[in-house]
Amino acid sequence: MANTTSTTVPMSLASVTLEVADLDAARGFYRDFGVDAYVRLRAAETPSAGFRGFTLALTVTGAATVDGFVGAAVAAGATVLKPATRSLWGYGGVVRAPDGTIWKIATSEKKHTGPATRDIDEVVLLIGVENVKATREFYVGRGLTVAKSFGGKYAEFAPGRPGAVKLALYKRRALAKDLGVPVDGTGAHRVVLGGTAEAFTDLDGFVWEATGAPVPTP
């Protein structure tokens with residue numbers, strides 16, 4: 001496992017902004033889903049069709065908590081893409097929000113051994129890229145610090161502060177397969193990453209905006 005660090009000024013992911021068609025509806029959905037503290041919202045300005053190339057993943061403790069978040073999402077208007085089931089890695093499911101954003105909720109635990117909670121252990125923004133190694137090195141050159149890296153399959157960067165959304169890379173085709181959606185997509189990603197350095201666009205078209213020092217999202 002490689003562990004690469006940058007020699008440039010450290011940079012981190014400070015915020016995640018979703019571009020949505022209906023701001024009021026999206027605010028209500030994310031409040032009821034229970035993840036409104038992790039994302040910002042703004043009106044969509046560019047068209048998008050098909051797979052947007054990313055997912056937001058919640059890691060929680062316990063299968064009952066996975067079921068609780070999936071149930072809350074569906075009650076608020078989400079569509080189930082993959083029902084919550086046991087797998088080799090644990091237990092989880094995938095839903096699509098009314099605005100089109102795909103969310104994965106998972107735990108490493110396979111059994112319903114405890115009560116459901118509304119606690120979230122970790123939130124990861126997982127973007128699908130054509131070349132994990134090249135994109136990883138691109139971000140290292142921009143000042144991000146690699147926390148985990150598994151060759152050309154997966155890379156994860158260190159968060160800028162405790163409780164912040166983590167950024168991770170996965171091959172686009174593999175990510176679409178994992179989410180249960182066709183890989184094809186056109187137009188905007190409908191997600192904007194706020195960073196603690198200058199604005200830029202990465203190798204796969206994901207847009208970063210300069211936001212200054214990391215602060216809690218409203």
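**Cavity, pocket and strands**

I began with the lining of the largest cavity: L13, L144, F157, A158, P159, G160, V165, K166 and L167. This is a predicted model, so I keep that in mind for every entry. By class, I noted 7 nonpolar residues in that lining, along with 1 polar and 1 charged. The volume of this cavity comes to about 40 Å³. How many cavities of 30 Å³ or more does a search of the whole structure find? I got 1.

Next I turned to the largest pocket, with a volume of about 1,100 Å³. I found 29 residues lining this pocket, and those nearest its centre are W89, K104, A106, L126 and D178. Which strand gives the most to the lining? My answer is β6, residues 90-96, with 5 residues. I sorted the pocket lining by class as well, and it divides into 12 nonpolar, 9 polar and 8 charged residues.

Last, I looked up the pairing of strand β11. This strand covers residues 166-171 and pairs with β8, residues 122-129, in the parallel sense over 6 bridges. One bridge I jotted down joins V129 to its partner K171 in β11. I then checked β10, residues 154-157, which pairs with β11 in the antiparallel sense over 3 bridges. There, I noted that A155 has L169 of β11 as its bridge partner.

Conventions: Residues numbered from 1 in each chain as written. Predicted model: local features only at pLDDT ≥ 70, side-chain atom pairs only at ≥ 80, totals over all residues. Heavy atoms only, no water. 1 Å grid on protein atoms, 1.4 Å probe; cavity = no way out; pocket = protein on both sides within 12 Å on 5 of 7 lines; lining within 4 Å. Points joined across faces, edges and corners; volume = space filled by probe spheres on them. Nonpolar A, V, L, I, M, F, W, Y, C, P; charged D, E, K, R; others polar. Helix = DSSP H or I, 4+ residues; strand = E, 2+ residues; numbered from the N terminus. Pairing = 2+ DSSP bridges.
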